[in-house]
Amino acid sequence: MSDNKLIHGLTVKEWEKDIDKYVKINRLHIKVCKYCGAVFWEGKWIEDNINNVIQKIISRKISKLVEVRYPFTLRDYSIKGIEINGKKILLNLLIKVGIDDKYFDVEKELLIETENSICPRCLARKVKSYDTVIQIRGQKGLSRSDLIEVYNIIGSLPTPVKREIIDIKSTKDGIDVLLNDKGLGRYIAKIFERKTGAHVIESYKLVSRKPDGKIKSKLSISVRLPPRDAKFLVRDSRNDLILMYGLSSSGYLAYNLDKEKYIVVPYRVFWREMKEVKDISWRIMRVIGFTKDKVVLLDENDYSTYEATSILSEEFVKDERVSVLEYKGKVYVIKTATLERGLQNGKKEKEEKS
Ligand SMILES: [Zn+2]
């Protein structure tokens, strides 16, 4: 097309001279959370990089932000640059307007004014206000391996879930995870239940009654990790005596002394059915020798000797003091160090109950 051809009565050069008058840019006003950078737009908070949010807003609102007068129409636009200066964001726009089949480029600046604000999540975090607390506990505080596992699980939660966590507090007997979403709290507790075999109990606490009669309550979710590293005795629902000695993904590794066989006790069954053993005590003896499959023991109180079965494939050394259990005509031996941890855990359990 030749530049001399008239378009709506004027030459291209004449249109070009006045093109600015036909394109008007409106300013944009947005609220930005001063803590996390979330942008408030059209009634909700958008969490994204501010550049991405601005591009999204511009593309959706371009016809409102860029007003093009007759006889021109807006054909296309691109963002040439973004300059952030304090509360002002300046966008360099290259706007393509058209009249019939002739296009013109117009460069304009779009001013975005931002207002400092605070999004509800950051507000909750700031005042540590929460309606849900997940209390992660062990039998005797949380051991080092418990802590590593707890933090690994929290660390592997999906990012949107992690963002909802207001605070993680270390208390004297465990870890508290605070959030403002009861459903999400239950979701996290379920993950702990599935990954660790933890016992989960929910309880509500009334916090206040609002003027409109609505009740505000806090949800406590107790996540009790199963005892690990410990060896201890329990009774099952048939009153069989069971020695718990290890953990697997599906439950406790255990030995049923009545049935004389190795079993796996699912965590669910452990929490629901297993009872503490009070009527059986271990005795301390000295290892004086070994026979095939047996450990020979000396009771230093009366100098009697025993042949004991080791059920946990532990290695004993001569003169070592070990824990011995006589049960239904058989004598069992386990290392005292490992058992003590179990007994301590059991003791702690009793103290908590009383
Ligand atoms: Zn925020």
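Confidence comes first: the mean pLDDT (the predictor's confidence in each residue, from 0 to 100) of the chain is 87, and 93% of its residues reach 70 or more. This is a predicted model, in which local features need pLDDT of at least 70, side-chain atom pairs count only at pLDDT 80 or more, and totals for chains, interfaces and linings use all residues. Residues are numbered from 1 along each chain as its sequence is written. With that in hand, let's take a tour.

- Helices (H or I, at least four residues) and strands (E, at least two) are DSSP runs, numbered from the N terminus.
- Over residues 342-354 the pLDDT stays under 50, and the model has 15 contacts there beyond four places in sequence.
- Two residues count as being in contact if their C-beta atoms, placed from the backbone, lie within 7 Å.
- Where pLDDT is low, the predicted coordinates should not be read in detail.

**Overall shape**

- The chain's secondary structure comes to 8 helices and 23 strands.
- Its radius of gyration (taken over C-alpha atoms) is 36 Å, well over the 20 Å that the globule rule gives for 354 residues, so the chain is more spread out than a compact globule.
- That globule rule is 2.2 Å times the number of residues to the power 0.38.
- Along the principal axes, the C-alpha atoms fill a box of roughly 125 × 55 × 35 Å.
- Of the 354 residues, 21% are buried, meaning that 20 or more other C-beta atoms, placed from the backbone, lie within 10 Å of a residue's own; a residue with 12 or fewer is exposed, and one in between is partly exposed.
- Among contacts between residues at least 6 apart in sequence, 52% join residues at least 24 apart.

**Domains**

- The chain is assigned domain 1 (12-119), domain 2 (128-224) and domain 3 (232-349), with bounds that come from an automatic or database domain assignment.
- The centres of domain 1 and domain 3, taken over C-alpha atoms, are separated by 75 Å.

- An open sheet of 5 strands has the order 10-11-9-13-12, with mixed pairing; two strands pair if DSSP finds at least two bridges between them.
- At the edges are strand 10 (165-171) and strand 12 (199-209), each pairing on one side only.
- Neighbouring strands of this sheet are turned by 20° against each other on average, direction ignored.
- Helix 6 (residues 182-196) packs on the sheet and touches strand 9, strand 11 (174-179), strand 12 and strand 13, and its direction makes about 10° with that of strand 13.
- Axes here are lines fitted to C-alpha atoms, for helices over the stretch in contact, and angles run from 0 to 180 degrees between N-to-C directions.
- Strand 9 pairs with strand 11 in the antiparallel sense over 6 bridges, and with strand 13 in the parallel sense over 6 bridges.
- R137 has G174 as its bridge partner in strand 11 and R224 as its bridge partner in strand 13.
- Strand 12 and strand 13 (residues 215-224) run antiparallel, joined by 10 bridges, and S208 has K216 as its bridge partner in strand 13.

**The closed barrel**

- A closed barrel of 5 strands runs 19-20-21-23-22, with mixed pairing.
- From one strand to the next, the twist averages 55°.
- Strand 20 (residues 294-299) and strand 21 (residues 304-310) run antiparallel and are joined by 6 bridges, with V296 opposite E307 in strand 21.
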